[in-house]
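Hello,

Here is the structure I promised to pass on. My notes on it follow below.

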Amino acid sequence: MGKLITVNKIVAIANQKGGVGKTTTAVNLASYLAHFGKETLLVDMDPQSNSTSGFGIEKSSVKRSCYDILINNATIEETILPTGVDWLDIIPANRDLIGAEVELVNTISRETRLKKIFKNFQGSYKYIIIDCPPSLSLLTLNSLTAANSVLIPLQAEFYSLEGISELTNTINLIREDLNPGLEIEGVLLTMYDTRLTLSSQVVEEIGKFFKDKVYQTVIPRNVRLAEAPSFGKPVIFYDPESKGAKAYQNLAREFLKRNGIELKQPPVDVKMKYPLAVQKKTKKDLTITGK
Ligand SMILES: Nc1ncnc2c1ncn2[C@@H]1O[C@H](COP(=O)(O)OP(=O)(O)OP(=O)(O)O)[C@@H](O)[C@H]1O
Ligand SMILES: [Mg+2]
(Lines give C-alpha, C1' and ligand atoms only; values in the text may rest on other atoms or scores of the structure.)
(Ligands and ions follow the chains in the order given, each with its own letter.)
Protein backbone atom coordinates (compact mmCIF):
# COMPACT_ATOMS: atom_id res chain seq x y z
CA MET A 1 0.00 0.00 0.00
CA GLY A 2 1.28 3.46 -0.82
CA LYS A 3 2.28 5.79 1.94
CA LEU A 4 -0.26 8.38 2.86
CA ILE A 5 1.19 11.74 1.92
CA THR A 6 -0.11 14.26 4.34
CA VAL A 7 2.18 17.25 3.94
CA ASN A 8 1.11 19.24 0.89
CA LYS A 9 4.16 21.37 0.48
CA ILE A 10 7.45 22.28 2.10
CA VAL A 11 8.47 25.88 1.42
CA ALA A 12 11.91 27.26 2.31
CA ILE A 13 12.14 31.01 2.83
CA ALA A 14 15.62 31.90 1.70
CA ASN A 15 17.90 34.75 0.74
CA GLN A 16 21.50 34.81 1.90
CA LYS A 17 21.28 38.55 2.33
CA GLY A 18 20.61 39.50 5.95
CA GLY A 19 17.62 41.47 7.18
CA VAL A 20 15.44 41.25 4.08
CA GLY A 21 12.34 39.99 5.88
CA LYS A 22 12.76 36.20 5.82
CA THR A 23 11.73 35.69 9.42
CA THR A 24 8.96 38.30 9.34
CA THR A 25 7.58 36.51 6.29
CA ALA A 26 7.98 33.02 7.77
CA VAL A 27 6.23 33.94 11.03
CA ASN A 28 3.42 35.94 9.47
CA LEU A 29 2.76 33.83 6.38
CA ALA A 30 2.62 30.75 8.63
CA SER A 31 0.24 32.52 11.02
CA TYR A 32 -2.11 33.61 8.24
CA LEU A 33 -2.07 30.13 6.69
CA ALA A 34 -3.22 28.91 10.11
CA HIS A 35 -5.78 31.72 10.13
CA PHE A 36 -7.13 30.30 6.86
CA GLY A 37 -7.47 26.90 8.51
CA LYS A 38 -4.36 25.27 7.04
CA GLU A 39 -2.38 23.26 9.57
CA THR A 40 1.13 24.61 9.35
CA LEU A 41 4.51 23.74 10.80
CA LEU A 42 7.17 26.41 11.00
CA VAL A 43 10.79 25.20 11.09
CA ASP A 44 13.36 27.60 12.51
CA MET A 45 16.66 26.71 10.84
CA ASP A 46 18.41 29.90 11.91
CA PRO A 47 20.72 29.83 14.96
CA GLN A 48 19.55 33.42 15.65
CA SER A 49 16.20 31.80 16.61
CA ASN A 50 14.17 34.82 15.56
CA SER A 51 11.16 32.80 14.42
CA THR A 52 11.20 30.96 17.75
CA SER A 53 11.35 34.14 19.81
CA GLY A 54 8.75 35.69 17.49
CA PHE A 55 6.24 33.47 19.30
CA GLY A 56 7.58 34.39 22.71
CA ILE A 57 9.40 31.09 23.11
CA GLU A 58 12.54 31.56 25.18
CA LYS A 59 15.64 30.07 23.56
CA SER A 60 16.77 28.74 26.92
CA SER A 61 13.52 26.83 27.35
CA VAL A 62 14.00 24.94 24.09
CA LYS A 63 15.18 21.44 24.96
CA ARG A 64 15.23 19.98 21.47
CA SER A 65 15.76 22.06 18.35
CA CYS A 66 16.54 21.62 14.68
CA TYR A 67 20.03 20.78 15.88
CA ASP A 68 18.78 17.51 17.36
CA ILE A 69 17.02 16.65 14.12
CA LEU A 70 20.14 17.25 12.07
CA ILE A 71 22.74 15.83 14.42
CA ASN A 72 21.14 13.55 17.00
CA ASN A 73 18.57 11.82 14.79
CA ALA A 74 15.71 13.23 16.85
CA THR A 75 12.34 12.79 15.17
CA ILE A 76 10.15 15.68 14.12
CA GLU A 77 7.48 14.51 16.54
CA GLU A 78 9.93 14.74 19.45
CA THR A 79 10.96 18.25 18.55
CA ILE A 80 7.70 20.03 17.76
CA LEU A 81 6.42 22.70 20.15
CA PRO A 82 3.07 24.48 20.07
CA THR A 83 3.37 28.14 19.06
CA GLY A 84 0.27 28.98 21.03
CA VAL A 85 -1.50 29.80 17.77
CA ASP A 86 -4.17 27.30 16.77
CA TRP A 87 -3.20 25.22 13.73
CA LEU A 88 0.42 26.31 13.96
CA ASP A 89 3.35 24.40 15.47
CA ILE A 90 7.06 25.07 15.40
CA ILE A 91 10.31 23.18 15.38
CA PRO A 92 12.35 25.72 17.31
CA ALA A 93 15.96 26.77 17.03
CA ASN A 94 18.37 27.39 19.84
CA ARG A 95 22.04 28.18 20.20
CA ASP A 96 23.01 24.54 19.64
CA LEU A 97 22.28 25.12 15.97
CA ILE A 98 25.42 27.26 15.70
CA GLY A 99 27.43 24.05 16.10
CA ALA A 100 25.41 22.07 13.58
CA GLU A 101 27.20 23.65 10.65
CA VAL A 102 30.62 22.48 11.82
CA GLU A 103 29.40 19.07 12.92
CA LEU A 104 27.68 18.45 9.60
CA VAL A 105 30.77 19.13 7.51
CA ASN A 106 32.24 15.69 8.02
CA THR A 107 29.04 13.67 7.97
CA ILE A 108 27.89 11.50 5.11
CA SER A 109 25.07 12.94 2.99
CA ARG A 110 25.33 16.14 4.94
CA GLU A 111 22.98 18.10 2.65
CA THR A 112 20.16 15.56 2.73
CA ARG A 113 19.62 14.99 6.43
CA LEU A 114 16.57 17.22 6.75
CA LYS A 115 15.05 15.76 3.59
CA LYS A 116 15.36 12.22 4.94
CA ILE A 117 13.75 13.17 8.21
CA PHE A 118 10.82 14.87 6.49
CA LYS A 119 10.42 11.82 4.25
CA ASN A 120 9.74 9.63 7.27
CA PHE A 121 7.42 12.16 8.86
CA GLN A 122 3.77 11.17 9.02
CA GLY A 123 2.32 14.38 10.43
CA SER A 124 -0.72 15.99 8.96
CA TYR A 125 0.45 19.52 8.17
CA LYS A 126 -0.69 21.16 4.98
CA TYR A 127 2.35 23.39 4.81
CA ILE A 128 5.82 23.32 6.29
CA ILE A 129 7.55 26.70 6.20
CA ILE A 130 11.30 26.79 6.80
CA ASP A 131 12.97 30.01 7.95
CA CYS A 132 16.56 29.90 6.65
CA PRO A 133 19.60 31.74 8.02
CA PRO A 134 21.24 34.58 6.03
CA SER A 135 23.86 32.42 4.33
CA LEU A 136 24.17 29.67 1.77
CA SER A 137 25.46 27.38 4.49
CA LEU A 138 24.67 23.72 5.09
CA LEU A 139 21.60 24.78 7.08
CA THR A 140 20.21 26.56 4.02
CA LEU A 141 21.32 23.74 1.68
CA ASN A 142 19.53 21.20 3.88
CA SER A 143 16.41 23.38 3.77
CA LEU A 144 16.51 23.80 -0.02
CA THR A 145 17.09 20.08 -0.46
CA ALA A 146 14.15 19.16 1.75
CA ALA A 147 11.78 21.74 0.21
CA ASN A 148 9.38 21.54 -2.71
CA SER A 149 9.81 25.24 -3.35
CA VAL A 150 11.66 28.36 -2.27
CA LEU A 151 10.10 31.72 -1.48
CA ILE A 152 12.56 34.59 -1.88
CA PRO A 153 11.96 37.82 0.02
CA LEU A 154 13.66 40.82 -1.54
CA GLN A 155 13.92 44.17 0.13
CA ALA A 156 12.69 46.87 -2.23
CA GLU A 157 15.97 48.79 -2.31
CA PHE A 158 18.65 49.58 -4.84
CA TYR A 159 21.00 46.69 -4.08
CA SER A 160 18.37 44.03 -3.60
CA LEU A 161 19.29 42.11 -6.74
CA GLU A 162 22.93 42.07 -5.77
CA GLY A 163 23.85 38.54 -4.81
CA ILE A 164 20.65 37.17 -6.27
CA SER A 165 22.58 35.33 -9.00
CA GLU A 166 24.46 33.54 -6.24
CA LEU A 167 21.14 32.35 -4.84
CA THR A 168 19.73 31.35 -8.23
CA ASN A 169 22.99 29.50 -9.02
CA THR A 170 22.67 27.61 -5.76
CA ILE A 171 19.06 26.76 -6.57
CA ASN A 172 20.15 25.48 -10.01
CA LEU A 173 22.94 23.36 -8.52
CA ILE A 174 20.53 21.82 -6.04
CA ARG A 175 18.11 21.06 -8.87
CA GLU A 176 20.86 19.31 -10.85
CA ASP A 177 21.77 17.01 -8.05
CA LEU A 178 20.04 16.93 -4.70
CA ASN A 179 16.49 18.07 -5.43
CA PRO A 180 15.45 18.16 -9.11
CA GLY A 181 11.89 19.22 -8.28
CA LEU A 182 12.79 22.42 -6.42
CA GLU A 183 10.61 25.25 -7.70
CA ILE A 184 10.56 28.96 -7.08
CA GLU A 185 7.41 29.48 -5.07
CA GLY A 186 7.51 33.22 -5.47
CA VAL A 187 9.48 36.40 -5.01
CA LEU A 188 8.19 38.77 -2.37
CA LEU A 189 8.97 42.46 -2.18
CA THR A 190 9.37 43.54 1.42
CA MET A 191 9.77 46.84 3.28
CA TYR A 192 8.33 48.77 0.37
CA ASP A 193 8.26 52.49 0.92
CA THR A 194 5.65 54.27 -1.22
CA ARG A 195 7.33 57.63 -0.59
CA LEU A 196 10.42 56.54 -2.49
CA THR A 197 10.38 56.55 -6.28
CA LEU A 198 13.43 54.34 -5.95
CA SER A 199 11.21 51.55 -4.68
CA SER A 200 9.09 51.53 -7.83
CA GLN A 201 12.22 51.41 -10.03
CA VAL A 202 13.46 48.46 -8.03
CA VAL A 203 10.10 46.73 -8.43
CA GLU A 204 10.42 47.13 -12.20
CA GLU A 205 13.93 45.67 -12.23
CA ILE A 206 12.88 42.70 -10.12
CA GLY A 207 9.87 42.15 -12.40
CA LYS A 208 12.18 41.93 -15.42
CA PHE A 209 14.31 39.36 -13.66
CA PHE A 210 11.68 37.12 -12.03
CA LYS A 211 8.64 37.86 -14.24
CA ASP A 212 5.39 36.29 -13.02
CA LYS A 213 7.13 34.74 -10.02
CA VAL A 214 6.86 38.10 -8.28
CA TYR A 215 3.87 38.26 -5.96
CA GLN A 216 1.36 41.00 -6.63
CA THR A 217 1.22 41.48 -2.90
CA VAL A 218 3.94 43.84 -1.75
CA ILE A 219 4.81 44.15 1.94
CA PRO A 220 5.04 47.81 2.97
CA ARG A 221 7.47 49.13 5.50
CA ASN A 222 5.33 49.10 8.62
CA VAL A 223 6.49 49.62 12.17
CA ARG A 224 3.87 47.23 13.60
CA LEU A 225 5.60 44.34 11.81
CA ALA A 226 8.87 45.30 13.47
CA GLU A 227 7.27 45.73 16.91
CA ALA A 228 5.27 42.50 17.04
CA PRO A 229 8.21 40.11 17.72
CA SER A 230 9.19 41.95 20.88
CA PHE A 231 5.73 41.10 22.22
CA GLY A 232 6.22 37.46 21.21
CA LYS A 233 3.35 37.59 18.75
CA PRO A 234 2.79 37.42 15.04
CA VAL A 235 1.26 40.65 13.71
CA ILE A 236 -2.20 39.07 13.45
CA PHE A 237 -2.31 39.07 17.26
CA TYR A 238 -0.46 42.31 17.72
CA ASP A 239 -2.24 44.66 15.35
CA PRO A 240 -4.48 42.86 12.85
CA GLU A 241 -5.72 46.15 11.38
CA SER A 242 -2.24 47.43 10.53
CA LYS A 243 -1.08 47.72 6.94
CA GLY A 244 1.59 45.12 7.58
CA ALA A 245 -0.96 42.61 8.89
CA LYS A 246 -3.27 43.17 5.93
CA ALA A 247 -0.36 42.71 3.53
CA TYR A 248 0.63 39.36 5.04
CA GLN A 249 -3.00 38.27 5.00
CA ASN A 250 -3.10 39.11 1.29
CA LEU A 251 0.14 37.24 0.76
CA ALA A 252 -1.34 34.11 2.36
CA ARG A 253 -4.36 34.43 0.07
CA GLU A 254 -2.17 34.83 -3.00
CA PHE A 255 0.07 31.96 -1.89
CA LEU A 256 -2.94 29.67 -1.53
CA LYS A 257 -4.39 30.82 -4.82
CA ARG A 258 -1.15 30.00 -6.63
CA ASN A 259 -1.39 26.59 -5.04
CA GLY A 260 -4.86 26.09 -6.45
CA ILE A 261 -6.81 26.99 -3.32
CA GLU A 262 -9.43 29.72 -3.68
CA LEU A 263 -10.74 30.86 -0.34
CA LYS A 264 -14.48 31.07 -0.49
CA GLN A 265 -15.12 30.79 3.19
CA PRO A 266 -14.10 33.33 5.77
CA PRO A 267 -11.02 32.49 7.82
CA VAL A 268 -11.37 30.24 10.83
CA ASP A 269 -11.48 31.70 14.28
CA VAL A 270 -7.88 31.22 15.43
CA LYS A 271 -6.75 31.98 18.92
CA MET A 272 -3.39 32.45 20.44
CA LYS A 273 -2.80 31.04 23.87
CA TYR A 274 0.55 30.73 25.44
CA PRO A 275 2.16 27.29 25.59
CA LEU A 276 4.07 26.09 28.63
CA ALA A 277 7.45 26.65 27.01
CA VAL A 278 6.68 30.29 26.64
CA GLN A 279 7.61 33.21 28.73
CA LYS A 280 4.41 35.10 29.27
CA LYS A 281 4.54 38.63 27.90
CA THR A 282 0.81 39.08 28.29
CA LYS A 283 -1.39 37.07 30.58
CA LYS A 284 -4.56 37.51 28.62
CA ASP A 285 -5.40 35.10 25.83
CA LEU A 286 -6.12 36.86 22.60
CA THR A 287 -8.82 36.07 20.14
CA ILE A 288 -9.17 37.27 16.63
CA THR A 289 -12.15 36.70 14.46
CA GLY A 290 -11.84 36.60 10.73
CA LYS A 291 -13.64 38.97 8.48
N1 LIG B 1 7.81 45.23 6.29
C2 LIG B 1 8.56 45.61 7.32
N3 LIG B 1 8.43 46.85 7.83
C4 LIG B 1 9.20 47.27 8.87
N5 LIG B 1 10.13 46.51 9.46
C6 LIG B 1 10.32 45.26 8.99
C7 LIG B 1 9.54 44.74 7.90
N8 LIG B 1 9.96 43.49 7.65
C9 LIG B 1 10.93 43.22 8.53
N10 LIG B 1 11.16 44.28 9.33
C11 LIG B 1 12.18 44.39 10.38
O12 LIG B 1 13.45 44.38 9.74
C13 LIG B 1 14.36 43.56 10.45
C14 LIG B 1 14.81 42.40 9.57
O15 LIG B 1 13.68 41.59 9.27
P16 LIG B 1 13.74 40.01 9.40
O17 LIG B 1 14.31 39.60 10.71
O18 LIG B 1 12.42 39.47 9.05
O19 LIG B 1 14.76 39.69 8.25
P20 LIG B 1 15.61 38.36 8.00
O21 LIG B 1 15.83 38.28 6.54
O22 LIG B 1 14.96 37.20 8.66
O23 LIG B 1 16.95 38.70 8.77
P24 LIG B 1 18.18 37.67 9.00
O25 LIG B 1 18.84 37.59 7.69
O26 LIG B 1 19.00 38.31 10.06
O27 LIG B 1 17.58 36.37 9.44
C28 LIG B 1 13.64 43.11 11.70
O29 LIG B 1 13.93 44.00 12.74
C30 LIG B 1 12.18 43.21 11.31
O31 LIG B 1 11.34 43.42 12.42
MG1 LIG C 1 15.75 35.80 10.00
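Ser31 counts as buried because its relative accessibility is 1% (buried means under 20% relative accessible area, exposed over 50%, partly exposed in between, with a 1.4 Å probe and protein chains only). The model is a predicted one: local features need pLDDT of at least 70, side-chain atom pairs count only at pLDDT 80 or more, and totals for chains, interfaces and linings use all residues. Residues are numbered from 1 along each chain as its sequence is written, chains are lettered from A and ligands numbered from 1 in the order in which they are written, and side-chain values use heavy atoms, leaving out hydrogens and water.

Back to Ser31: a polar atom of its side chain lies 2.7 Å from the backbone oxygen of Val27. Leaving aside residues up to four places away in sequence, Ser31 touches Phe55, Leu88, Pro234 and Ile236 (contact means heavy atoms within 4.5 Å).

Now the aromatic rings. Searching the whole structure gives four aromatic pairs (Phe, Tyr and Trp rings, with the six-membered ring for Trp, whose centres lie within 6.5 Å; planes under 30 degrees apart are stacked, over 60 edge-to-face, the rest tilted). One of them is the stacked pair of Phe121 and Tyr125, at 6.1 Å centre to centre and 20° between the planes. Phe121 is buried at 7%, and Tyr125 is buried at 9%. Phe231 and Tyr238 have ring centres 5.0 Å apart and planes at 25°, so this pair is stacked. Here Phe231 is partly exposed at 36%, whereas Tyr238 is buried at 19%.

Best wishes

Methods: Polar contact = N/O pair within 3.5 Å; in protein donor to acceptor, adjacent residues only side chain to side chain.
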